[in-house]
Structure formats: structure tokens, C-alpha cells
Amino acid sequence: MTDAAFTSDFLKTLQARGYIHQITHPAELDAAASAGVVSGYIGFDATAPSLHVGSLIQIMMLRRLQQAGHRPVVIMGGGTTKVGDPTGKDASRPHLTDATIAANIASIRTVFEKFLTFGDGPTDAVMIDNDDWLSGYGYIQFLREFGTHFTVNRMLAFDSVKLRLEREQPMTFLEFNYMLMQSVDFLELNRRLGVTLQMGGSDQWGNIVSGVDLVRRVDQKAAFGLTTPLLTTASGGKMGKTAQGAVWLNAEQLSPYDYWQFWRNAEDGDVGRFMRLFTDLPLDEIARYEALSGAEINEAKKALAHAATAMLHGETEAFAAATTAKLAFEDGVVASGLPTVELPASEVLGAMIAAVATRAGLTASNGEARRLAQGGGLRLNDEAIADGARLIEASDVNADGVLKLAAGKKKLLLVKPI
């Protein structure tokens, strides 16, 4: 069926906002979503205390599912985390203890509670740990029950395996089992909760198709798969990666101000697309923002930053981040909400500004800081510093006990000598 022929609110919304890359059985899924409540799931491994913004499109897919009157099911991979998804990886994951995995899941849940409504109602979100069933299988039982439904020939053909082997990177037998475990997740969820839809990124297509096939082959039940496009920036970079590292969703890993700044610094060509994917702004309002040009595009970026930050951290934090940015960048005021890096006074006072900028994480190297200074882009307390070898003096520390350092127009922080 053509995309324009979708009749369900769910798929029409996904199509209009740019979420759809592939669907296994589009006509059947559209009919099911029009006829009643569809339960759909996405799995998230618990390898860290926070997910990062690369997972946000999947979280938003679950949000769209619930907004359309369906039930989102969040699968935390307590079991699969012990194995590790080989997709896109060149190395095996380190093994985590059960206690660490449990702590990570508890931390990650706090983010999902910002995007989804959990409860016992027919469309309320559910969070479940796949360790509940995976750890209960005996090895022989698992192989006898599910091993016959997978051929090594087909598994080797999937990108998650094939690309790893083509790069001549080792893949353990443990990781090779990941596809089977993810497929069994779908079967278990179908049996336990009536889940009929698995969603994920385009890199998960092979794993998702395997799960759909397993449900249809073993239980002869309806099962569907849907993936989102690979998300890159307008310039071709990987969305969510910055020079400072991952853009985490938990405030403990990344401040609301830094999160606001991430969206504020989006490339011009990404603003409208990011609004459709990562905010609830109406499509007609987004179209008006997309029509802006020149310096006006900055207003659209601020609207994107506010909407995305408010959804995750709340309106108060979003307004505070915007106010801090305005005071710091537009009004030249030292704002208390700026990221603050504490460094030993011995590494700041009497040190070259290039070295301090690098130690504080503002620049990647002393050489980068010196080049930035030569181009007029390195500032100390709002004054351009032309020489990266210029020494920091005690008089540079303001009454609040901090230095204000800026790299270009978008990166700003405070350094506090201690």
C-alpha cells in the first residue's frame, strides 16, 4: 500500500512527521491500528545509567503510539544487556553485574516517565525486563524450542553480523545469540501482553524481521515490524554525537542547560525535521518556522530547544536554560546556570589560557585553543584573547570566584579555581 493510503491516526502521524523507514506488513498493521488498541514495544539495553539522545527517536515513537490511543511497552534488556547487541559494534561489551544493571534500569525509567503515562489502563505504558523470561530458560530448552527456527546462513546475512565480520572484528558466540534472544522477546511479549508490533531503528531491521517471523511461524499470530530511518545531521554527521561526548537524557549525566544548548546549536537544515521528530509542536507551526531565513532561523532554533528541553526536564528548566543563555551570550553577564568546571588553582592561575580551555573541556587540545585565539574566537570574561599563550592572572577571577571562558559563539562555561 502507498504511504498516502494509511487510514490509522498512528501511521498517518508517523508518516507526516518522518518516522517511517520500513514496515513488514503495512496494510495489516494499518487495519489493526484502525480497528483497536495495538500494543507495540521497543527494547533498550541498560548498559549505562542513562540513555542518550540517539535513543530519543525511539522514545518518541512510543509516545506517538500512546498519543494515537495505543499501548506502549518498554522492554528493558536486563537479560540481553548481559549478552550485548553486536549491531554497529567492533568490540564486545564489558560484562555488568546484576546490581549495576538493576540500578541502570531504575535510573532510565525516570526518563520514560517524562514521555509516557504508566499505569494499568488499556493504553497505559508498561515497562518490563526481559530477564524475567530469558534467565529462566535452560540452555538445552532454549536451543530445542527456538534454535530450529533460525538458520546460520540467514543470520550471517544480516547486517548486524555481516558488517562486523567484513571488518574482520571478532564476534563471540555469546553476541551471535543476541538475535535469537531479541526474537524470543517478541514471542514472549506476544504471549504475555498481546504485543503485536516491534519498532526500532533501521539498523535493527534484521532482528525485528526475525522476531516477526518467529511469532507468525510458532504461534501463527499477527506480528508487525516498523523501523525509523538512520538519523544523521544535515551535514551528514551522526545525530547526538558532539566533541564533548554523548548527549545524555538524565540530568545527572547532562545538565538541562547543556541539553538546551545541544538543540539550540542544531544545523539550520535540521530544525524543521527535528521539530517534527522530537517535539509535539503542531505541523503548521513547524512549517512557519521552516519558512524563516537568515538570522530569523535562530528564533526557530530557540523554539526547538525550548520544546525539546521542556518535554524532558520541564518548563521551568527550559526557561532557566534560555535565560542563562541570553544573559551569557547576548547580555555578556556571568550567569550562575552555566556549566561550571572546578580545577585546582595551581592549574589555572599562571597557566596559559589555551591549556586552561583544554583542561576545562572547552577545546579538544591546546593547539585548537591557540588556533581559535588567533581567529578571534577565544574569549575570557567576554574579551577576545588573541594569544593562546596569554597567562591567567588572579585579577581575571571575578567576585564570584570564576572565570568565564567562551569558544566561538556557541560554547561557554565557567572555570572555578579551587
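Q: What's the mean pLDDT of the protein, and how many residues reach 70 or more?
A: The mean is 86, and 89% of the residues reach 70 or more. pLDDT is the predictor's confidence in each residue, from 0 to 100. This is a predicted model, so local features need pLDDT of at least 70 and side-chain atom pairs count only at pLDDT 80 or more, while totals for chains, interfaces and linings use all residues. Residues are numbered from 1 along each chain as its sequence is written, and side-chain values use heavy atoms, with hydrogens and water left out.

Q: Where is the pLDDT below 50?
A: Over residues 88-92. In the model that stretch has 11 contacts beyond near neighbours in sequence, a contact being heavy atoms within 4.5 Å.

Q: OK, overall make-up. How many helices and strands?
A: 18 helices and 13 strands. Those are DSSP runs numbered from the N terminus: helices are H or I with at least four residues, strands are E with at least two.

Q: And what share of the protein is buried?
A: Buried residues are 47% of the 418. Buried means under 20% relative accessible area, exposed means over 50%, and partly exposed is in between, with a 1.4 Å probe and protein chains only. The protein exposes about 18,500 Å², with carbon and sulfur atoms supplying 53% of that; the areas come from the Shrake-Rupley method with a 1.4 Å probe, and for residues only the protein chains shown count as cover.

Q: Sheets next. What's the strand order in the open sheet of 6 strands?
A: The order is β1-β6-β5-β2-β3-β4, with mixed pairing. Two strands pair if DSSP finds at least two bridges between them. β1 (22-23) and β4 (126-129) are the edge strands with a single partner each, so one side of each has no neighbour in the sheet.

Q: How does β5 pair with β6?
A: They run parallel, and 5 bridges join β5 (residues 197-201) to β6 (residues 224-228). G200 has T227 as its bridge partner in β6, and G201 has T228. β5 also pairs with β2, in the parallel sense over 2 bridges, where G40 is partnered by L197 of β5.

Q: Is β5 enclosed or open to the outside?
A: Largely enclosed by the rest of the structure, because 5 of its 5 residues are buried.

Q: Which helices lie across those strands?
A: α10 (residues 178-193) is one of them, lying across β2, β3, β4, β5 and β6 at about 145° to β2. α11 (residues 205-218) lies across β1, β5 and β6, at about 170° to β6. The axes are lines fitted to C-alpha atoms, for helices over the stretch in contact, and angles run from 0 to 180 degrees between N-to-C directions.

Q: Let's zoom in on some loops. Where's T196, and is it buried or exposed?
A: T196 sits in the loop between α10 and β5 and counts as buried, at 17% relative accessibility. Beyond four places in sequence, its contacts include V38, S39, F186 and F224.

Q: What about K221?
A: K221 is in the loop between α11 and β6, and at 44% relative accessibility it counts as partly exposed. Setting aside residues up to four places away, K221 touches N190, V215 and R216.

Q: And H25, how far is it from F224?
A: 6.1 Å, C-alpha to C-alpha, though they are 199 residues apart in sequence. H25 lies in the loop between β1 and α2 (26-35) and is partly exposed at 22% relative accessibility.

Q: Switching to packing: which residues touch the most other members of the largest nonpolar core?
A: F112, W263 and F278, out of 71 residues. A nonpolar core is a set of buried Ala, Val, Leu, Ile, Met, Phe, Trp, Tyr and Cys residues joined through side-chain atoms within 4.5 Å. Helix α15 (residues 297-313) gives the most to this core, with 9 residues. Another core of 28 residues lies apart from it, and F142, M155, V195 and L214 are among its members.
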